[in-house]
Amino acid sequence: MNRFHRTLPQNPTMASKAESSSTSSSSQRRDMIHVFWHEGMLAHNTGTGVFDSGIDPGFLDVLDKHPENADRVRNLVSILRKGPISPFISWHSGRSATLSELQLFHTAEYIEELEKANEAGGKELCAGTFLNPGSWDAALIAAGTTISAIKQILDGHAKLAYALVRPPGHHAQPSQADGYCFLNNAGVAIQVARNSGCQKVAVIDIDVHYGNGTAQGFYSCSEVLTISVHMNHGSWGKSHPQSGTVDELGEGDGFGYNLNVPLPNGTGDEGYAYAMDQLVVPALHKFNPSLIVLVLGQDSSAFDPNGRQCLTMEGYRSIGRNIRRLANKFADGKVLIVQEGGYHVTYSAYCLHATLEGVLDLEDALLDDPVAYYPEDSAYSMKVVDAIQRYWKDNVPFMKES
Ligand SMILES: [Zn+2]
């Protein structure tokens, strides 16, 4: 069987309906995804141990690499360079963030704490989150590279930009490292966008874990709608006090503008599609964003060691397609994609490929799924989504039915 259904980007049938009325040159430009990457991010060495603990109790001959390792990202890069999606990719180099850029999201005290940890030769900032020699420079590049990606959109050079970055960022709160994250790459970039006059930003976080850092940073803000679709994992200690439950809705002016969608383990492709259609799409219709940020983790996949949500490539492709159509409807087609988790070294790369195929809104899949089959039982997940929908209608002011 031929696994590669090649479709070239210049094929006019590839253009979405929204683009077909555009000039051919702008249509061509919109069909590319601008990927921002810098190999300096590979220098963040998270070590080995029993899974992500960094500890070797001595019982095992073969220790794991920490799940957030450079190999996973090497494969994300290589599948975009070598896979059938490669004609649709425009590569750009990233750069380091400045300390003043970091302060758009983080406190000065927290940044100083990270700098001191770096100068001291490293520190485990919280469970599994190791700032080692080389990590701080990599974190600065991840934040700066995400800024480069958003600026490509803000300057009118791209509609679709992807910050291919590590260490990840969505657990990093304004003054707290958490969950392998030091700097909130998406959060910093969103602030750059807002300072450039982008008034309403919708963040859709599909990493398997609650995007607590991004939520915390915009918790009192009504201009940034944060939606996190995640495994119902709850709080995991001092660095992650947020629970990710439906009642964490934001506060003050931001009340109602943090929407959590905690889904049961094993939700799968159909359950995620149902949550997108019943919850995320209606919320965006009410909110009417001028920019969409897709916070993308492949740890919602069927084979991830850190998640149990069982998405396949087709599930990711469907989410990507949904995001693109929302962007065409509300945000003049503009989507910033920011890389987060995703720890299966093979399948994360394939799921990235599928997601970007969806974002390109291609009619046919370019790449078949080499491994996935997972039997789904979506009925329970759909009941949970229906319950969340009723909760929003009763409790979220901007989602109440008029
Ligand atoms: Zn994650």
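## A first look at the fold

Among contacts in the protein with a separation of 6 or more, 75% join residues 24 or more positions apart; a contact here means two C-beta atoms, placed from the backbone, within 7 Å. Keep in mind that this is a predicted model, where local features need pLDDT of at least 70, side-chain atom pairs count only at pLDDT 80 or more, and totals for chains, interfaces and linings use all residues. Numbering runs from 1 along each chain as its sequence is written.

Here are the elements that come up below, as DSSP runs numbered from the N terminus (helices: H or I, at least four residues; strands: E, at least two).

| Element | Residues |
|---|---|
| β4 | 89-93 |
| α4 | 99-102 |

In total, the protein has 12 helices and 12 strands. Its C-alpha atoms fill a box of roughly 55 × 50 × 45 Å along the principal axes.

Now for the inside. Of the 402 residues, 52% are buried, meaning 20 or more other C-beta atoms lie within 10 Å of a residue's own, while 12 or fewer makes it exposed and anything in between partly exposed, with C-beta atoms placed from the backbone.

Thr98 sits in the loop between β4 and α4. Thr98 counts as exposed because it has 12 C-beta neighbours inside 10 Å.
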